[in-house]
Amino acid sequence: MQTYQGSTTLNELSIGEKVITSDHRDIALKETLGTDKYRPERKETTRVGKFFTLVAILLPPLGILSAAKLLWDTDLHLIDIYVFAGFYILTGLGITVGYHRLFTHRAFETNILVKLALAILGAMTLQGPLTQWVSDHRMHHLMSDQKGDPHSPVPSGNKLKDHFMGLWHAHVGWMFKTKGLWRNVNYAEDIYSNKVLMAVDRLYLLWVLLSLLLPFGLGYIMTSNIQIGLESLIWGGLIRIFLFQHATFAVNSICHKFGRRQYQTKDNSRNQWLVALLTFGEGWHNNHHAFPRSARHGLGKLQIDVSWLVIKLLKNFKLAKSVYLPKENQIVKLSLRLPK
Ligand SMILES: [Zn+2]
Ligand SMILES: [Zn+2]
């Protein structure tokens, strides 16, 4: 196993130039809420943000519904499955390995070409530009399940309705209320100071367009059949975007409500195996909150973590270095039960 490098604790979070350990989270929280520098930029998601969120969330299911007749009338072709699987895996890893573990948590270091590829692939999931995703997610870790967390499912009361509304808020509702509140240079200084990543960020709509056009182009070029091109667009574009979006959203909702807790954390994060399978390891979310900077989330032998396997592969090809992993004594210290 690789050695853990560069810090005394794996519980650290980087918020801009500040490095905060979760042991000191309560202090950091007070500072964050109490100073101008760490105050959110706005009270609510911008109108433009709400509009694009609505389009990004509704376009795939509405597109699938309007194409239902086309899908119903034709057999499923092998190419549909290949294009779906290929784009689901590649763009999904853009979020899990790229947006999340590399850019938000700096779990490893890599060269600019790999960064560029991961940033573009991540954008192709239609989960928002990199700067916004990173800022929102760093805030989630800093304030998790407390005031200021952009997407906690903690209910406002004890009625069934309150629990349901909490889950709804954490799954999609938050994007219309608290998305992008913290989007400024203080929370993603490392991204804002990288010219290449900022160029990718500004070209976000281009990657959205490519996310739909590439599956269509692949299907069409491989068969010279426009009908199969459209099927590829539906499977490799719309259905793939829809499924991966909701799998990722489930990390915010399901994994803060249902599942097993394996490590002590100050939040309600949980491990959920099905979400982990659909999100390449991100569903081992309690492990992740216990060791935010770890490149590996599935810490137990049976906890399949495809994103970690990819990072290991990158390391074997010398494309990943400074890979962070928890030490045995750190794991034991926070353990509520032994990993399987
Ligand atoms: Zn979480
Ligand atoms: Zn995280």
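Which residues does His169 touch, not counting residues up to four places away in sequence? In this predicted model the residues touched are His151, Pro153 and Trp174, a contact being a pair of C-beta atoms, placed from the backbone, that lie within 7 Å.

The model is predicted, with local features requiring pLDDT of at least 70 and side-chain atom pairs counted only at pLDDT 80 or more, whereas totals for chains, interfaces and linings use all residues. Residues are numbered from 1 along each chain as its sequence is written, and chains are lettered from A and ligands numbered from 1 in the order in which they are written.

**View 1. The protein as a whole.** The secondary structure comes to 15 helices and 4 strands, where helices (H or I, at least four residues) and strands (E, at least two) are DSSP runs numbered from the N terminus. Of the 340 residues in the protein, 48% are buried; a residue is called buried if 20 or more other C-beta atoms lie within 10 Å of its own, exposed if 12 or fewer, and partly exposed in between, with C-beta atoms placed from the backbone. Among contacts with a separation of 6 or more, 69% join residues 24 or more positions apart.

**View 2. His169 in helix 7.** His169 is found in helix 7, which covers residues 160–171. His169 counts as buried because it has 23 C-beta neighbours inside 10 Å. Val154 is 15 residues away from His169 in sequence, and the two are 9.3 Å apart in space, C-alpha to C-alpha.

**View 3. The largest nonpolar core.** This core has 64 residues, and those with the most contacts inside it are Phe108, Leu130, Ala295 and Ile311; a nonpolar core is a set of buried Ala, Val, Leu, Ile, Met, Phe, Trp, Tyr and Cys residues joined through C-beta atoms within 7 Å. Several helices each supply at least two residues of the core, including helix 4 (78–104), helix 6 (130–143), helix 11 (226–253) and helix 14 (306–316). Helix 11 gives the largest share, 12 residues. Leaving aside neighbours within four places in sequence, Leu130 is in contact with Tyr99, Phe103, Ala119, Gly122, Ala123, Ile191, Leu197, Val200 and Asp201.

View 4. Helix 11 has 28 residues and reaches 39 Å from its first C-alpha to its last, close to the expected 40 Å, the expected span being 1.5 Å times one less than the number of residues. Helix 11 has a kink of about 35° centred on Arg240, where the bend at a residue is the angle between axes fitted to the seven residues ending there and the seven starting there. The helix is mostly covered, with 20 of its 28 residues buried. Arg261 is placed in the loop between helix 11 and helix 12, and is partly exposed, with 18 other C-beta atoms within 10 Å. Apart from neighbours within four places in sequence, Arg261 is in contact with Arg270, Asn286 and Leu336.

**View 5. Helix 4 against helix 14.** Helix 4, with 27 residues, reaches 36 Å from its first C-alpha to its last, close to the 39 Å expected at 1.5 Å a residue, and has a kink of about 30° centred on Gly98. The axes of helix 4 and helix 14 come within 10 Å and cross at roughly 75°; axes are lines fitted to C-alpha atoms, for helices over the stretch in contact, and angles run from 0 to 180 degrees between N-to-C directions. Helix 4 is therefore roughly perpendicular to helix 14, a description that applies to angles of 65 to 115 degrees, with those under 35 roughly parallel, those over 145 roughly antiparallel and the rest oblique. Leu93, Thr96, Val97 and Arg101 of helix 4 make the contact with Ser307, Val310 and Ile311 of helix 14.

**View 6. Residues with positive phi.** Most residues other than glycine have a negative phi. Arg106, which follows helix 4, has a positive phi near 50°, and its C-alpha atom is separated by 8.5 Å from that of Tyr324, 218 residues apart along the chain. Asp145 has a positive phi of about 60° although it is not a glycine, and lies in the loop between helix 6 and helix 7. Ser224, with a positive phi of about 50°, is found in the loop between helix 10 and helix 11 and counts as exposed because it has 8 C-beta neighbours inside 10 Å.

Definitions and conventions
Contact = placed C-beta atoms within 7 Å.
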